[in-house]
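Work through the exercises below with the model open. Try each task before you read its solution.

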Amino acid sequence: MTETIVELRDLRREFVVRRPAPQLGSVRRLPLAGRLRRTRTVVAAVDGLSFDLAEGAAVGYIGANGAGKSTTIKMLTGILVPTAGTVRTCGLDPVRRRRELARQIGVVFGQRSQLWWDLPLAESFRALAAIHRLPDATWPARRDELADRLDLGGFLATPVRQLSLGQRIRGEIAAALLHAPRLLILDEPTIGLDVLSKERLRVFLSEQRALHGTTLLLTTHDMDDVQRLTDRILVVDHGRLVYDGTLPELAGRVGAERVMVVDLVEPVPSLGPIHGTRSVAVESDGLRHRLAFTPERTTAGAILEAVGRRGQVRDLAIEEPDVEDVVRRLYLAQSPRVSGDPAAPPRPPLPA
Ligand SMILES: Nc1ncnc2c1ncn2[C@@H]1O[C@H](COP(=O)(O)OP(=O)(O)OP(=O)(O)O)[C@@H](O)[C@H]1O
């Protein structure tokens, strides 16, 4: 049976903020503070989250800026104490058993470093091996494997402050994996990386998962990361879970369309109505047609057959829905507060 590696129940974390204007999110007013008469408000950064992660899963944790992703990660890893609710990571209370937990998880915050800035990368690895009490007989081989897979061999003697961003992030990931954690949490790991570095990192993470069964929890604004690395997404909005399922299911649910691009042998200015489709564009004087459709209303096969009756098809491609657009649609459908009513209660989550 698959083990549950992360378990959240009604998890809540509040922050007290002082500002004059009412804000988005779940807000409870406290008495006015001092003579400045500034309003003290309590913001629920995480507002009653419940979900489980199964060991071996790869999960994208996504949401807009300020949705509560980092706050959740901090509670999962024992950095922040929850205001209410419970969290268990690897079966442990992350705050009370933070040290024990540290041996079972690896965490990478894209914008913060766990490496020693002035030490060569190799020395950081040595220090981490000592902290995790890794046996001398095994950890150097693990380091070498990671250095090889992450292309770090040439930088082991370089002080961390002299590494490029991409080299440092690879170093951070090697450091987080040195002790072979069961759970790897990545908070915006590819932020600021160029296209090639992002791609290399994704290949590496997929390999690690396949080789070691490492559970992956990823927060990112990069939807390519989500698409390439995860098989389940959790979408959070104002500290609440608004979707739990797969990306294709979500695309279907919010009515996101696929687009069939058909190239014809001879130009046809208009294909006329084709059941279940909408003409998005006619290009190259009628040689290329773009037809939007949802899998609920018709199939690619049926469209192709209908197009074939109107002209000879030379080539075709199907463009999947833009993931950013899918998530944007979910946000708009889900949260009336996004469209300007701060007091409106959030709608219940879409069922998975
Ligand atoms: N220490 C803090 N004090 C006050 N408010 C905080 C604090 N940390 C977070 N918040 C607030 O809690 C909310 C959630 O923040 P959080 O950093 O978890 O969001 P996020 O989803 O990780 O955003 P981003 O994608 O921008 O990193 C925000 O409104 C933020 O301003």
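The exercises cover confidence, domains and one hairpin.

This is a predicted model, in which local features need pLDDT of at least 70, side-chain atom pairs count only at pLDDT 80 or more, and totals for chains, interfaces and linings use all residues. Residues are numbered from 1 along each chain as its sequence is written.

**Exercise 1.** Find which element of the chain has the lowest mean pLDDT and which the highest.

Solution. Start with the scale: pLDDT is the predictor's confidence in each residue, from 0 to 100. The chain averages 86, and 89% of the residues score at least 70. Next, take the elements; strands are DSSP runs of E with at least two residues, numbered from the N terminus. Strand 2 (residues 27–29) is lowest, at 56. Strand 5 (residues 84–89) is highest, at 96. Finally, residues 336–352 stay under 50. Where pLDDT is low, the predicted coordinates should not be read in detail.

**Exercise 2.** Locate the domains and state how far apart their C-alpha centres lie.

Solution. Bounds come from an automatic or database domain assignment. Domain 1 takes 4–10 + 49–251, and domain 2 takes 257–319. Their C-alpha centres are 43 Å apart.

**Exercise 3.** Describe the hairpin of strand 9 and strand 10.

Solution. First, the pairing (at least two DSSP bridges between the strands). Strand 9 (residues 232–237) runs antiparallel to strand 10, with 5 bridges. Asp-237 has Arg-240 of strand 10 as its bridge partner. Then the turn: 2 residues separate the strands, and His-238 has a positive phi near 50 degrees. Last, burial (20 or more other C-beta atoms within 10 Å of a residue's own, all placed from the backbone). In strand 10 (residues 240–245), 5 of 6 residues are buried.

Note on methods
Helices (H or I, at least four residues) and strands (E, at least two) are DSSP runs, numbered from the N terminus. Two residues are in contact if their C-beta atoms, placed from the backbone, lie within 7 Å. A residue is buried if 20 or more other C-beta atoms lie within 10 Å of its own, exposed if 12 or fewer, and partly exposed in between; C-beta atoms are placed from the backbone.
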